Amino acid sequence: MKAIALIDGEHHVDVVCDALAELPFDFVGAILVGGAEKLRGGEEYGLTMLESLDEVAAEGVVDLSDEPVLGPRERMLWASRALALGLRYVGPDFSFDPPAYETFGKVPSLAVIGTGKRIGKTAVTGHVARLLSERLDVIVVSMGRGGPAEPEIVEVAPTVESLLEISRAGRHAASDYLETAALAGVPTIGCRRAGGGLAGQVFTSNVHRGAELVEERGPELAIFDGSGAAIPPVTVNGRILVVGPGQDATAYLNAYRVLVSDLVLLVGGGDPTPIRELKDVPVLRVELRLSSVEPISGRRVAVFTTGPAPVDHLDADVVHVSRNLANRAALREELQQIDAEVYLTEIKAAAIDVVAEAAAEQGAKVVFAENQVVSLPGEPDLDEQLLALGEAAVAQPVAR
């Protein structure tokens, strides 16, 4: 493997040179990443000294440094840079391979990816799909841990009744693709995936078969929706990274996600400076605002979500708020005490098999809730950024 060596001044030059000769790599350059304890000046390592990983053609990066020069955070930053360039990152007891993406180039595409679960990624996907579908023929491909065994296309927005039928057949009726189809109003293909690596690689998925369905259909733009911190395993023309509240976008291999993205959204706010220092990329602070897809004014409403969501702005008589959609035992206990006309629920977790079933038994109406994505005060206009990204994707001939 043609490799770039990361070396430091905490190691004596003789030790470094002997290691370079002993290790089974074809070293094509080296980067001095810091440390000066054993540097006298004028050291020669027998390699071209580089400033960055993209200066020479290489296949991997070999980390010969150590603490205190490169601690865990610094190492993950170097690993992220390597992976973003398609290079392996190798150390004495670790090895990271760059995520593999299957070529998808017949239809322009975007991907929405995230730094974790329950951060608003699916809400962003829905917002992007609705916005761009006003100008383009758009289709969404969602992958999830509860997706169908074979890719399934949903042409008509699911109703409560149709989702109950899916649930009663033993399937997961609140999968992301069903949520997107119900709320975004665009055709959606449901796929599945299993496992998720530190850099977002999945162990198995059927997304490539979902991509084939997209190519058969031939829309003007495809939007691939990631799953948790897992990245859709296909090449795309642009990526939007959603960073959850309180999450560090440059910690661990989140830095890789930043480096392969073209727009970063900080949900709930946060400091964009570390992201911009890592990559020259637009960073917007946004918030999620829970809303009802149907009028609920004057109704006695119980609200069901998977996490914190302000409800004071809802035009309704909110009599109960549950954050337990992902906790079926607690949810069932709550439902025994609720007296409401309307159950306003996110389409997530136990929304259908528990909440909608309970509503049917109690004679309550189920109304879907969606999380609107809006820029925080003082931030650039989100829709302008998304429209520009969509236009660039359609104009860009090569996916990556």
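Reader: What makes up the lining of the second largest pocket, by class?

Author: Nice place to start! This is a predicted model, and in it that lining has nine nonpolar, five polar and one charged residues. The second largest pocket is lined by 15 residues, and those nearest its centre are Gly-196, Gly-197, Leu-198, Ala-199 and Gln-201. The space in this pocket comes to about 210 Å³.

Reader: What makes up the lining of the largest pocket?

Author: Its residues divide into 15 nonpolar, 17 polar and 12 charged. The volume of the largest pocket is about 840 Å³. Of its 44 lining residues, Arg-118, Ile-119, Gly-120, Thr-306 and Lys-348 are the closest to the centre. Helix H3 (121-133), helix H5 (176-184), strand E14 (283-292) and strand E18 (365-375) are the elements that give two or more residues to this lining. The largest share, six residues, comes from H3.

Reader: Why is Arg-118 called partly exposed?

Author: Its relative accessible area is 39%. Buried needs a value under 20% and exposed a value over 50%, so Arg-118 belongs in between. This residue sits in the loop between strand E6 (109-114) and H3.

Reader: How do you know that the bond between Glu-67 and Pro-68 is cis?

Author: From omega, which is about 5° there. Most peptide bonds are trans. Pro-68 lies in the loop between E3 and H2.

Reader: Why is the pair of Asp-63 and Arg-75 called a salt bridge?

Author: The N to O distance is 2.8 Å, and the cut-off is 4 Å, so the pair qualifies. Asp-63 is in strand E3 (residues 60-63) and Arg-75 in helix H2, 12 residues apart.

Reader: Why are both Asp-63 and Arg-75 called buried?

Author: Asp-63 has a relative accessible area of 2%, and Arg-75 has 15%. Buried means under 20%, so each of them meets the rule.

Reader: What makes Arg-209 and Glu-150 a link between parts that are separate in sequence?

Author: Arg-209 lies in helix H6 (residues 207-217), while Glu-150 lies in the loop between strand E7 (138-144) and strand E8 (152-154), so their bridge ties together parts 59 residues apart. The N to O distance in this salt bridge is 3.3 Å. With 29% relative accessibility, Arg-209 is partly exposed.

Reader: Which salt bridge does Lys-348 make, and where is its partner?

Author: The side chain of Lys-348 meets that of Glu-179 at 3.1 Å, N to O. Glu-179 is in helix H5, and Lys-348 is in the loop between strand E17 (342-345) and helix H10 (351-362), 169 residues apart. Both Glu-179 and Lys-348 are buried. The whole structure has 19 salt bridges. Lys-121, Asp-176 and Asp-225 are linked in a network of them.

Reader: Which residues touch the most other members of the largest nonpolar core?

Author: Leu-53 and Phe-224, out of 54 residues in that core. Helix H2 (residues 72-84) gives the most to this core, with six residues. In soluble globular proteins, nonpolar side chains tend to be buried together.

Reader: What makes up the lining of the largest cavity?

Author: By class, seven nonpolar, two polar and no charged residues. Among them are Pro-99, Tyr-101, Gln-201 and Ile-231. The volume of this cavity is about 40 Å³. The cut-off for the count is 30 Å³, and one cavity reaches it.

Conventions
Residues are numbered from 1 along each chain as its sequence is written. This is a predicted model: local features need pLDDT of at least 70, side-chain atom pairs count only at pLDDT 80 or more; totals for chains, interfaces and linings use all residues. Side-chain values use heavy atoms; hydrogens and water are left out. A nonpolar core is a set of buried Ala, Val, Leu, Ile, Met, Phe, Trp, Tyr and Cys residues joined through side-chain atoms within 4.5 Å. Buried means under 20% relative accessible area, exposed over 50%, partly exposed in between (1.4 Å probe, protein chains only). Helices (H or I, at least four residues) and strands (E, at least two) are DSSP runs, numbered from the N terminus. On a 1 Å grid over the protein atoms alone, a cavity is a set of points where a 1.4 Å probe fits but cannot get out, and a pocket is an open set with protein on both sides within 12 Å along at least five of seven lines; lining residues have an atom within 4 Å of a point. Grid points are joined across faces, edges and corners, and a volume is the space filled by probe spheres set on the points. Ala, Val, Leu, Ile, Met, Phe, Trp, Tyr, Cys and Pro count as nonpolar, Asp, Glu, Lys and Arg as charged, and the others, Gly among them, as polar.
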